[in-house]
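I opened the file and kept notes as I went. Each entry says what I looked up and what I found.

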Amino acid sequence: MGDVNLYRGTVVAGRRLTRATVERHLDELHSLTREQFFPGSLNIALSTPLRLSCESTLTFDLGRRFVWPARSGSRSAESR
């Protein structure tokens, strides 16, 4: 297994906008990541800021939206 980083934060309420976006782009997201997406988002306010890698950024919706690879335990979790 590669390097493992532990991040702490608090789950916070979102604006309820992601569900419709993910539903509209499910096929595109699956083609892009080979992962199964579920409409919605998990919003976590991290205790320490995290810089996301430009090299691992994946774009969708004609380049207007982004996802980054992430894992939660042994499960893949795409971050947006």
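My entries on salt bridges, a histidine, an aromatic pair and a surface patch follow.

Ground rules. I am working with a predicted model, in which local features need pLDDT of at least 70 and side-chain atom pairs count only at pLDDT 80 or more, while totals for chains, interfaces and linings use all residues. I number residues from 1 along each chain as its sequence is written, and side-chain values use heavy atoms, with hydrogens and water left out.

Entry 1, salt bridges. I counted a salt bridge where a side-chain nitrogen of Lys or Arg is within 4 Å of a carboxyl oxygen of Asp or Glu. The count came to three. I looked up Arg19 and Glu23, whose side chains form a salt bridge at 3.8 Å, N to O. Why are they about one helical turn apart? Because Arg19 and Glu23 are four residues apart in helix α1; helices (H or I, at least four residues) and strands (E, at least two) are DSSP runs, numbered from the N terminus.

I then checked cover, calling a residue buried under 20% relative accessible area, exposed over 50% and partly exposed in between (1.4 Å probe, protein chains only). Arg19 is partly exposed at 49%, and Glu23 is partly exposed at 43%.

I found Asp61 in a salt bridge with Arg64 at 2.8 Å, N to O. Asp61 is buried at 9% relative accessibility, whereas Arg64 is exposed at 56%. Asp61 also forms a salt bridge with Arg65, with the closest N and O atoms 2.9 Å apart. Shared partners join Asp61, Arg64 and Arg65 into one network. I noted Arg65 as partly exposed at 32%.

I placed His25 in the loop between α1 (18–24) and α2 (26–33). Is His25 buried or exposed? His25 is buried, at 11% relative accessibility. I listed its contacts (heavy atoms within 4.5 Å): leaving aside neighbours within four places in sequence, His25 touches Phe60 and Asp61.

I searched for rings of Phe, Tyr and Trp (its six-membered ring) with centres within 6.5 Å, where planes under 30 degrees apart count as stacked, over 60 as edge-to-face and the rest as tilted. The whole structure has one aromatic pair. Phe66 and Trp68 form this tilted pair, 6.1 Å centre to centre with 35 degrees between the planes. Phe66 is partly exposed at 37%, but Trp68 is buried at 17%.

I found Val11 in strand β1 (residues 9–11), and Val11 is exposed at 59%.
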